Structure formats: C-alpha cells, structure tokens
Amino acid sequence: MNKNNLVLLLPRIVIAFILLQTLYFKFGIGGEEAMQESKEIFGMIAFEAFGDASYEPYMRIGTGILELVASILLLLNATAYLGAILGAGLMGGAILSHLLFIGIEVRGDNGQLFIIAVIVLLASIKVLFDEREKLLKILGKE
C-alpha cells in the first residue's frame, strides 16, 4: 500500500473504528453496566427533545444501527462517500445534542464524547473531500 492510499484509507478506518466501538455501549454488548451510560445519555436527550424519556431505546438502538451501517459503507471503496455522509450527519446530531441538551461534559468524561464526535465529523468531511468526484457525480454537478 502506497502512502497516498494510506492517507485516503486512514480517516475511513478511524471513523469505522470509533463508530463500531460505540456499539459496545449502545447495544449492551459489554453487559448492562456498559449500556447504562448510553441509556442515561439518550434518556436525557429524549426527555429534553421530546419531553419523554421513553423514546430512549428507539434513539439509542436506531443510532447504533445507523452507526453500524455508516461503518460498513465507509470500509467499502464504492460506498465510502455514503458512509461519510451518514457519519457526518450522525456526528452533527451528536454535537448538537451535546450543545443543546446534555452539555460538553457527560458523566465526568471531561468532554471526551464531544471531542470524539468532533473528530469523527472532521474525518467524515475529509472522506467527503477525498470522494468529492463520486459525490458531485450523484449530485449531477460533474
């Protein structure tokens, strides 16, 4: 693999790695204790956004499914731009949730979740820039 290919592939791998790690918490793969943090976060968001925390499982599991799809799309050359669009949208939502509902620091994490969301957003934008020809083609702007 040459240096240019690595520069193109690295952001996609970083995004997929981060998004796939979150499934540990969203789907409770690590047990109930690991999932509890996600339940609390999505419960706060659901309550603040809809006035009803009972939407939490739909938001948490739905977000997890979308993050899994984004990861798969990013790892395939033909669909990396679609994964980047989905990843950027998800992280835009995560960043807005932090800013509007739950705060930068969540459960004493010193802003780690927020920073990770910003990293994934920036890496998604990098992938979109790298894949701009495919993106412009589907937009009919070629």
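Which residues is Leu74 in contact with, leaving aside its neighbours within four places in sequence? In this predicted model, Leu74 meets Arg12, Ile15, Ala80, Gly83, Ala84 and Val127 once those neighbours are set aside, a contact being heavy atoms within 4.5 Å.

Residues are numbered from 1 along each chain as its sequence is written, and side-chain values use heavy atoms, with hydrogens and water left out. Because the model is predicted, local features need pLDDT of at least 70 and side-chain atom pairs count only at pLDDT 80 or more, whereas totals for chains, interfaces and linings use all residues.

**Nonpolar cores**

Leu74 also belongs to the largest nonpolar core, which has 18 residues, and is listed with Ile15, Leu19, Ala84, Met91, Val120 and Val127 as the members that touch the most other members. Two or more residues of this core come from each of helix 1 (3-26), helix 3 (56-75), helix 4 and helix 5 (112-130). A second, separate core has 7 residues, including Ile41, Ile45, Ile102 and Val106. A nonpolar core here is a set of buried Ala, Val, Leu, Ile, Met, Phe, Trp, Tyr and Cys residues joined through side-chain atoms within 4.5 Å; buried means under 20% relative accessible area, exposed over 50%, and partly exposed in between, with a 1.4 Å probe and protein chains only. Helices are DSSP runs of H or I with at least four residues, numbered from the N terminus.

**Helix packing**

Helix 1 and helix 5 pack at an angle of about 145°, their axes lying 9 Å apart; axes are lines fitted to C-alpha atoms over the stretch in contact, and angles run from 0 to 180 degrees between N-to-C directions. Their crossing is left-handed, a term used if the near helix is turned anticlockwise from the far one by less than a right angle. On the helix 1 side the contact is made by Val7, Leu8, Pro11, Arg12, Ile15, Ile18 and Leu19, and on the helix 5 side by Ile116, Ile119, Val120, Ala123, Ser124, Lys126, Val127 and Asp130.

The buried residues of helix 4 include Ala80, Gly83, Ala84, Met91, Ser97 and Ile102, and the buried residues of this helix pack against helix 1, helix 2, helix 3, helix 5 and helix 6 (132-138). Ser97 lies in helix 4, which runs over residues 80-102, and counts as buried because its relative accessible area is 13%. Not counting residues up to four places away in sequence, Ser97 touches Ile45, Ile102 and Gly103.

Helix 2 has 19 residues (32-50) and should span 27 Å at 1.5 Å a residue, which agrees with the 25 Å between its end C-alpha atoms; the expected span is 1.5 Å times one less than the number of residues. Ala34, Met35, Ser38, Ile41, Phe42, Gly43, Ile45 and Ala46 are buried in helix 2, and the buried residues of helix 2 pack against helix 1, helix 3, helix 4 and helix 5. Just after helix 2, Gly51 has a positive phi of about 75°.

**Salt bridges**

Side chains of opposite charge can pair when their charged atoms come close. A search of the whole structure finds 6 salt bridges, each defined as a side-chain nitrogen of Lys or Arg within 4 Å of a carboxyl oxygen of Asp or Glu; the table gives some of them.

| Pair | N to O distance |
|---|---|
| Lys26 and Glu67 | 3.0 Å |
| Glu32 and Lys39 | 3.0 Å |
| Glu56 and Arg60 | 2.4 Å |

Lys26 lies in helix 1 and Glu67 in helix 3, so this pair ties together parts that are 41 residues apart in sequence, and both residues are buried. Glu56 and Arg60 are 4 residues apart in helix 3 and therefore separated by about one helical turn; Glu56 and Arg60 are also buried. By contrast, Glu32 is partly exposed at a relative accessible area of 46%, and Lys39 is partly exposed at 26%.

**The loop between helix 4 and helix 5**

Most residues other than glycine have a negative phi. Arg107, although not a glycine, has a positive phi of about 55°; this residue lies in the loop between helix 4 and helix 5 and counts as exposed at 51% relative accessibility. Asn110, found in the loop between helix 4 and helix 5, has a positive phi near 55° and is exposed, with a relative accessible area of 64%.
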